[in-house]
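Dear colleague,

I am passing on to you the structure that we spoke about, with the sequence alongside. My notes on it follow below.

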Amino acid sequence: MGEPHVLIIGAGVTGLAIAHGLQQAGIKYSIFERKEPGQLRSKEWTMGIHWGLPLLEGLLPAQIAVRIATDGAVDPSLKYDEPPNNGAYIFDGVSGDILKDLNVSGRIVRVSRQKLRALCSEGINVHWGHALLSVECDDHSNSVTAAFSDGQSYTGTVLVGCDGPRSAVRNHLFMPDRSAATARPMEGIVTTSMCVTYADPNVATFVRSKTHPVWCIAISPVMFHFMSIQDVPDPERPETWRFFFFNSWLGEKPHDTSGSAARSVLLERAENLAEVREPLVMSSGLSRKA
Ligand SMILES: Cc1cc2nc3c(=O)[nH]c(=O)nc-3n(C[C@H](O)[C@H](O)[C@H](O)COP(=O)(O)OP(=O)(O)OC[C@H]3O[C@@H](n4cnc5c(N)ncnc54)[C@H](O)[C@@H]3O)c2cc1C
């Protein structure tokens, strides 16, 4: 095969950033995503981008890179190169005291996974609804052929797997022993995550002002708690703010993981949290035990 042609599997931020980089370098590529565009809003969380920021910016065209801290950021109204926005607090979850003020130098932009993905997809022609099924390498012609769920197949010179934790590309690399490639769930750790919007603007303002404008961690003997602002559509209207919570602890996954059962487990774990943490639990639609 003559001209290089890169096949990118997965249109998450990684695949899209690589596509932009190749496009800028004038290298031919095709990018495939198993989902349809409308299915991408399922999982949301936040990511802090620090030392990797210049690298990401370097892959993207200038007019997109310059919008990471606005269109990609959790709160576009913040400046991410000065304290406290480029840092975070670690709280003692029981006393509410700040154990550590994470004072980081430089710029850290906290982005929404969905917003950054939408930004990075601009100008990229994704083949949606293409789930990779198998990969065939031909050493003779130095080519690789990817076959997809819709019956189509594409041939290129290089295939890049950006298809996440349950990677079909990794499965192929480990063939025939697929079990070595299978992502194994962590044993003995329970994790929960959720996004919350407070109907009462006073609660939203209270939570954010008592914790951190961007993100913080609280540690108690029974729970690790992470929170960040997820989205600020209107800085003047706290009832529009969205928060992200991630909680984890050592133990076995509860048998019943339905909404109400999970909430009561979480409430029990949060029983001794300091006052500044309390609204986080209350506001997620939970009420304390009598
Ligand atoms: C709670 C949480 C907090 C995090 N915080 C940070 C942070 O602060 N900083 C940081 O840098 N990182 C953070 N991360 C990690 C970061 O989110 C991931 O590394 C990043 O989102 C991975 O992006 P990706 O594009 O590689 O994969 P993904 O976003 O998983 O995208 C993979 C894509 O491949 C597609 N796909 C899968 N299988 C196939 C197939 N067979 N065929 C075609 N397409 C397929 C999927 O549908 C998906 O769209 C965090 C992660 C979590 C869960």
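Which residue lies over the face of W241, and at what distance from the ring centre? R208 does, at 4.9 Å from the centre of that ring; a charge counts as sitting over a ring if NZ of Lys or CZ of Arg is within 6 Å of the ring centre and within 35 degrees of the ring normal.

Before going further, please note that this is a predicted model, in which local features need pLDDT of at least 70 and side-chain atom pairs count only at pLDDT 80 or more, while totals for chains, interfaces and linings use all residues. Residues are numbered from 1 along each chain as its sequence is written, and side-chain values use heavy atoms, with hydrogens and water left out.

The domain assignment, whose bounds come from an automatic or database source, divides the chain into domain 1 (5-76 + 110-173) and domain 2 (77-109 + 185-290). Their centres, taken over C-alpha atoms, are separated by 30 Å, and 19 residues of domain 1 are in contact with 20 residues of domain 2, where contact means heavy atoms within 4.5 Å. Between them the two domains bury about 1600 Å², 50% of it on carbon and sulfur atoms; this is the accessible area (1.4 Å probe) lost on putting the two parts together, summed over both. On the side of domain 1, H50, D75 and R110 lose the most area to domain 2, together 41% of what that side buries.

The structure holds eight aromatic pairs, that is, rings of Phe, Tyr and Trp (its six-membered ring) whose centres lie within 6.5 Å, with planes under 30 degrees apart counted as stacked, over 60 as edge-to-face and the rest as tilted. Among them is the edge-to-face pair of Y89 and F91, with 6.0 Å centre to centre and 80 degrees between the planes, and both of these residues are buried (under 20% relative accessible area, with exposed over 50% and partly exposed in between, 1.4 Å probe, protein chains only). F226 and F244 also form an edge-to-face pair, at 6.2 Å and 70 degrees. Because F226 lies in strand 14 (residues 223-231) and F244 in strand 15 (residues 242-250), this pair ties together parts that are 18 residues apart in sequence; strands (E, at least two residues) and helices (H or I, at least four) are DSSP runs, numbered from the N terminus. Both F226 and F244 are buried.

Finally, the buried residues of helix 1, including L16 and H20, pack against several elements, among them strand 1 (5-9) and helix 5 (113-120).

With best wishes
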